[in-house]
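Here is a short briefing on one protein model. Keep the sequence and the 3D view open while you read.

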Amino acid sequence: MKTINETQDEIVNEFSEFEDWMDKYALLIDLGNSQESLDEQYKTPENLIEGCQSRVWLQADYHDGKVYFHAESDAIIVKGIVSLLIQVLSGHTPDEILNADLYFIEKIGLKEHLSPTRSNGLVAMVKQMNMYALAYKVKNEQEIK
């Protein structure tokens, strides 16, 4: 399995192949479309991320010491963004997730090309993923004691 930074570097390389932001948006849309749909049972108010303009549901599972994320959005660009986050963070330990520096967001120019409300949504998604990682870390530490 690749490290978080190896995955981020791959994403940066993939996006650097395009100069025009319309092409980068098209790539985001493709990523969103190729992402596996979230099972309807997880589209609950508890899994809805606060602070997003569009609706984003995020589900996290924990097994073998790693956190696995699944998500869905009703907005196609946002679905692409959350699929990037999943690609980078899913399948890693809570500590790896909590200590990750998500530099790819800046390097691919995503932050500067999102509207303020979408930027807030991106921050909310990262925050929620970190909250899941923290919750699993604490739960795991309590089980060990």
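Asparagine 47 is buried, because its relative accessibility is 10% and buried means under 20%. The model is a predicted one. Asparagine 47 sits in the loop between helix H2 (21–34) and E1. The points below start with this loop and then move on to other parts.

- Which residues does asparagine 47 touch, leaving aside its neighbours within four places in sequence? The contacts are Tyr42, Val56, Trp57, Leu58, Gln59 and Tyr132.
- Asparagine 47 and glutamate 143 are 96 residues apart in sequence. Their C-alpha atoms are 24 Å apart in space.
- Serine 54 also lies in the loop between H2 and E1. Its relative accessible area is 15%, so serine 54 is buried.
- Leaving aside neighbours within four places in sequence, serine 54 is in contact with Ser73, Asp74, Ala75 and Val78.

**Aromatic rings**

- How many aromatic pairs are there? The count comes to three.
- The cut-off for stacked is under 30 degrees.
- Tyrosine 62 belongs to strand E1 (residues 56–63), and tyrosine 136 belongs to helix H6 (residues 116–144). The pair therefore ties together parts that are 74 residues apart in sequence.
- Tyrosine 62 is partly exposed, because its relative accessible area is 27%. Tyrosine 136 has 18% relative accessibility, so tyrosine 136 counts as buried.
- A charge meets a ring elsewhere: the charged end of lysine 43 sits over the ring of tryptophan 57. The distance from that charged end to the ring centre is 5.5 Å.

**The largest pocket**

- How much space lies in the largest pocket? The volume is about 190 Å³.
- Its lining is made by Leu31, Gln35, Glu36, Phe69, His70, Ala71, Ser83, Ile86 and Gln87.
- Strand E2 (66–73) and helix H3 (76–89) are the elements that give two or more residues to this lining.
- By class, the lining has four nonpolar residues, four polar residues and one charged residue.

**Glycine 91**

- Glycine 91 is found in the loop between H3 and helix H4 (94–99).
- Is glycine 91 buried or exposed? Its relative accessible area is 2%, so glycine 91 is buried.
- Not counting residues up to four places away in sequence, glycine 91 touches Met1, Lys66, Val67 and Tyr68.
- Glycine 91 and threonine 3 are 88 residues apart along the chain. Their C-alpha atoms are separated by 9.8 Å.

**Aspartate 64**

- Where is aspartate 64? It lies in the loop between E1 and E2.
- Aspartate 64 counts as exposed, because its relative accessibility is 76%. The cut-off for exposed is over 50%.
- Most residues other than glycine have a negative phi.
- Aspartate 64 is not a glycine, yet its phi is positive, at about 55°.

Definitions and conventions: Residues numbered from 1 in each chain as written. Predicted model: local features only at pLDDT ≥ 70, side-chain atom pairs only at ≥ 80, totals over all residues. Heavy atoms only, no water. Phe/Tyr/Trp six-rings, centres within 6.5 Å; stacked < 30°, edge-to-face > 60°. Helix = DSSP H or I, 4+ residues; strand = E, 2+ residues; numbered from the N terminus. Buried < 20%, exposed > 50% of the residue type's maximum accessible area, 1.4 Å probe, protein only. Lys NZ or Arg CZ within 6 Å of the ring centre and 35° of its normal. 1 Å grid on protein atoms, 1.4 Å probe; cavity = no way out; pocket = protein on both sides within 12 Å on 5 of 7 lines; lining within 4 Å. Points joined across faces, edges and corners; volume = space filled by probe spheres on them. Nonpolar A, V, L, I, M, F, W, Y, C, P; charged D, E, K, R; others polar. Contact = heavy atoms within 4.5 Å.
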